[in-house]
Amino acid sequence: MVTLVPRLVIAAPSSGSGKTTVATGLMAAFAARGLAVSPHKVGPDYIDPGYHALATGRAGRNLDAYLCGPELVAPLFLHGARGCDLAVVEGVMGLYDGAAGEGELASTAHVAKLLRAPVVLVVDASSQSRSVAALVHGFASWDPQVRVGGVILNKVASDRHEELLRQALDSAGVPVLGVLRRAARVDTPSRHLGLVPVAERRADAVDAVAAMAAQVEQGCDLEALLALARSAAALSGDPWEPPVSTTDKREVVAVAGGPAFTFSYAEHTELLAAAGADVVAFDPLRDAQLPEGTAGLVIGGGFPEVYAAELSANEPLRKAVAELAFSGAPVAAECAGLLYLCRELDGQPMCGVLDATARMTERLTLGYRDAVAVTDSSLAVAGTRMRGHEFHRTVVEPGAGAAPAWGVRGPARRVEGFVQGGVHASYLHTHWASEPGVARRFVERCRTS
């Protein structure tokens, strides 16, 4: 199949240049013009896609060549962009920054090449004038296979500053497609793991996205950007599809959500549904019981450390989670879910499923991991290999149970996580599209546990 999807990749020389503001603003501005906009994010980040979803009304989707493999990037993109008029892909870190020690793998440039997509470079121009031409020229010429089709100048101080920047860029051969002035109103608050998720500041997030859209509408040449997007070459290959189960029996799989558990990939829900699950969301901060008929439980990532007191106060739900887990039902817990299943988090009682305690630390654990399943579990048979990502400032003691979940290769080799009855709990975030058997096995265990 050959598919033509107009698309742009929004990149930058480094983090902090304004990619999220520009990408989210573009998504919202084009959506306001009546276009169906497909939002995407390079890398494993869960938070930016929440703002993208708010801007477009569609699920924000990740494109991660490390977690899913380069071969799945285009199919997953086509799956998310099906039926859309335009796709906007926000990059990660600097344009050419990828997985540590892996060359271009999982970089924005790598994904742009896999998608055959033009790149728009967002440059923080706040402390430079003529030097901007050297910077843009360097990024545009570094890899001939990466097509830098334009630049958006961010944090421009004045009309005179803009004039100097434009004069410098006349010789760089890369058109200026937008100029954005400093605007504090579009800033979004951050804390220990990045931006505060949309679910925690819904009204303020709506206002922030509207401000981003207004700034982009005012400062960018949307017609030129759309023309650049439409110049992208056709993509060959079929969209990704979750494998569909032929069973008529549907099992209720409860998926934690709400402000404390905001980290999830859209494909996980689609994989569970295709495998025969009725996926029902619940909020551990507010719901006193699990959804009726729950046969399996998925608790993804998020910020339980921010809501430890409120989660602890919801004792009826903590007891319901423990009862389900101790019954042998499948429970998949990632990072935040792992903390929630511990005896306590920062001194606050949690579910007590795992004989472990969790606490906040000052140390950031961050990076891609290669993992192999150590123990047969509700997610995978021993020996299954997957790639994952860690991103947290907490520590669980002990770090692994008598039956660990994963053998992990990152900065060091270690075993990690817990397999206990139907429970699989780990710090490792994985993308199930890379191993569709995970969702199928989980739902099958829901039927037989």
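## Terms and model

A residue is called buried when its relative accessible area is under 20%, exposed when that area is over 50%, and partly exposed in between. The model described here is a predicted one.

## Salt bridges

The structure holds 24 salt bridges. In one of them Lys155 pairs with Asp124, with N and O 3.8 Å apart; because Lys155 lies in strand β7 and Asp124 in strand β6, this pair ties together parts that are 31 residues apart in sequence. Lys155 has a relative accessibility of 31% and therefore counts as partly exposed, and Asp124, at 25%, is also partly exposed.

Another salt bridge joins Glu90 to Lys41, whose closest N and O atoms are 3.2 Å apart, and it links strand β5, which holds Glu90, with strand β3, which holds Lys41. Glu90 counts as buried at 1% relative accessibility, and Lys41 counts as buried at 4%.

## A buried lysine without a partner

Lys19, which is found in helix α1, is buried yet has no salt bridge, and the nearest side chain of opposite charge, that of Glu90, is 5.4 Å away. Beyond its neighbours within four places in sequence, Lys19 is in contact with several residues, among them Ile10, Ser14, Glu90 and Val122.

## The second largest pocket

The second largest pocket has a volume of about 920 Å³ and is lined by 47 residues, with Thr262, Phe263, Ser264, Tyr265 and Ala266 lying nearest its centre. The lining divides into 29 nonpolar, 15 polar and 3 charged residues, and its largest share, 5 residues, comes from α2.

How values were computed. Residues are numbered from 1 along each chain as its sequence is written. This is a predicted model: local features need pLDDT of at least 70, side-chain atom pairs count only at pLDDT 80 or more; totals for chains, interfaces and linings use all residues. Side-chain values use heavy atoms; hydrogens and water are left out. Helices (H or I, at least four residues) and strands (E, at least two) are DSSP runs, numbered from the N terminus. Buried means under 20% relative accessible area, exposed over 50%, partly exposed in between (1.4 Å probe, protein chains only). Lys and Arg count as positive and Asp and Glu as negative; His and the chain ends are not counted. A salt bridge is a side-chain nitrogen of Lys or Arg within 4 Å of a carboxyl oxygen of Asp or Glu. Contact means heavy atoms within 4.5 Å. On a 1 Å grid over the protein atoms alone, a cavity is a set of points where a 1.4 Å probe fits but cannot get out, and a pocket is an open set with protein on both sides within 12 Å along at least five of seven lines; lining residues have an atom within 4 Å of a point. Grid points are joined across faces, edges and corners, and a volume is the space filled by probe spheres set on the points. Ala, Val, Leu, Ile, Met, Phe, Trp, Tyr, Cys and Pro count as nonpolar, Asp, Glu, Lys and Arg as charged, and the others, Gly among them, as polar.
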